[in-house]
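Here's a quick walk through one protein model, written for someone who likes to see the cut-offs. Have the coordinates open as you read.

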Amino acid sequence: MYSLDKDLIPYGEDPLPKSLDGWHCDVREDIVMFGMCFDCRQIPYPNPGCCIGLPSNGIGSAGFLAKSTASKSPVTGFLTAAHVAARNWTDLYDYNELLSNLDTSGCGDEIAHPLLPGCTDYKIIGKVKESFCGNWGEECIGMDAAFVQNFEPRNGEYSELQIADENILQFNVSKVIKRGGSTGETEGLLTGNTLSVCVDKDLSSGGFYHFDRCFSIESIGRPFFEKGDSGSGVFVMENGKPTKPLGIAFAKLMINHNTAVCRIDKIAEAFGLSIYQNEEPKEAVQHEEPMELC
């Protein structure tokens, strides 16, 4: 049995038994949970790390909050991995094109939240506005990303985040943190920016998908990334706190367990986005009369 506090016995209740029908009871203090969403206050607006995806395509994680800089009225949403949110991600790879440059008659996939294993109690909260899967631009930067527009615009104040400057990153020194639907918050070590990864295609077609010049993250303590974390946003840590967006975690090497992260600066540039955080409304402060201890 798992309990938050095995020594705390509510008033009027008996202690947990030492055995049940002759079977020893092992009572432990812990919490066990499936991959889950974090701090979900409103279903239409998934937070970074929430479980999202296409119901027919599998589960991934919501990454950075983002808004379009191209339109007059801001389009708000979030980033995730293209292979999580776009059914046609293989077409994007084959043509090496943005979704908006292809024939989109069958695109604009609708995204569900919260999308948990074996659960059908979810809501369609947005659709894919832009995506790319392949190697971007003349520099051939590996990118697996999709921008999902919220059907209900997110209200409140926005604070734009400063993207990490690659020129001041310290490899094998800088620590990073991400929040994903499978592993929650995990810390890692930034080990490089030249990682190339190959993902096998299905056996019938052969070949592979490759992504070049990705950031490489090494796990610290426990696994940094597992299945279901694809799309989660990775932050650089400063003074023990997440500060600047680095990229989107999308793949894991199965032998040395390093995580591949595509660069958020290139994603923001390609999609015409700014990365932000939503400012919580400040609660009114109640002024009280001064008190003295008696």
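Is Asn96 buried, partly exposed or exposed? Asn96 is partly exposed, with a relative accessible area of 40%; here buried means under 20% relative accessible area, exposed means over 50%, and partly exposed is in between, using a 1.4 Å probe and protein chains only.

## Ground rules

This is a predicted model, so local features need pLDDT of at least 70 and side-chain atom pairs count only at pLDDT 80 or more, while totals for chains, interfaces and linings use all residues. Residues are numbered from 1 along each chain as its sequence is written, and side-chain values use heavy atoms, with hydrogens and water left out.

## The chain overall

The chain has three helices and 19 strands, taken as DSSP runs numbered from the N terminus (helices are H or I with at least four residues, strands are E with at least two). Of its 294 residues, 43% are buried. Its accessible surface is about 17200 Å², and carbon and sulfur atoms account for 50% of that (Shrake-Rupley method, 1.4 Å probe; for residues, only the protein chains shown count as cover).

Among contacts with a separation of 6 or more, 64% are between residues 24 or more positions apart, where contact means heavy atoms within 4.5 Å.

Pro114 lies in the loop between β9 (110-113) and β10 (123-136).

## Cores

The largest nonpolar core has 47 residues, and Phe78, Leu79 and Ile111 are among those with the most contacts inside it. A nonpolar core here is a set of buried Ala, Val, Leu, Ile, Met, Phe, Trp, Tyr and Cys residues joined through side-chain atoms within 4.5 Å. Strand β11 (residues 141-150) gives the most to this core, with five residues. A second, separate core of 13 residues includes Ile217, Val236, Leu246 and Val261.

Gly188 sits in strand β14 (residues 184-200) and is buried at 0% relative accessibility. Its C-alpha is 5.9 Å from that of Ile217, 29 residues apart along the chain. Beyond residues up to four places away in sequence, Gly188 touches several others, including Ser174, Val176 and Phe224.

## Charged pairs and cysteines

The whole structure holds eight salt bridges, each a side-chain nitrogen of Lys or Arg within 4 Å of a carboxyl oxygen of Asp or Glu. Glu139 pairs with Arg213, with the closest N and O atoms 4.0 Å apart. Glu139 is in the loop between β10 and β11 and Arg213 in strand β15 (residues 208-219), so this pair ties together parts 74 residues apart in sequence. Glu139 also meets Lys266 in a salt bridge (3.0 Å, N to O). Lys266 lies in helix α3 (residues 264-271), so that link ties together parts 127 residues apart in sequence.

Arg263 and Glu166 form a salt bridge at 2.6 Å, N to O. Arg263 is buried at 3% relative accessibility, whereas Glu166 is partly exposed at 25%. Shared partners join Glu139, Arg213 and Lys266 into one network.

As for disulfides (pairs of cysteine sulfur atoms within 2.5 Å), the count is zero. Cys50 is buried at 0%, while Cys140 is partly exposed at 36%.
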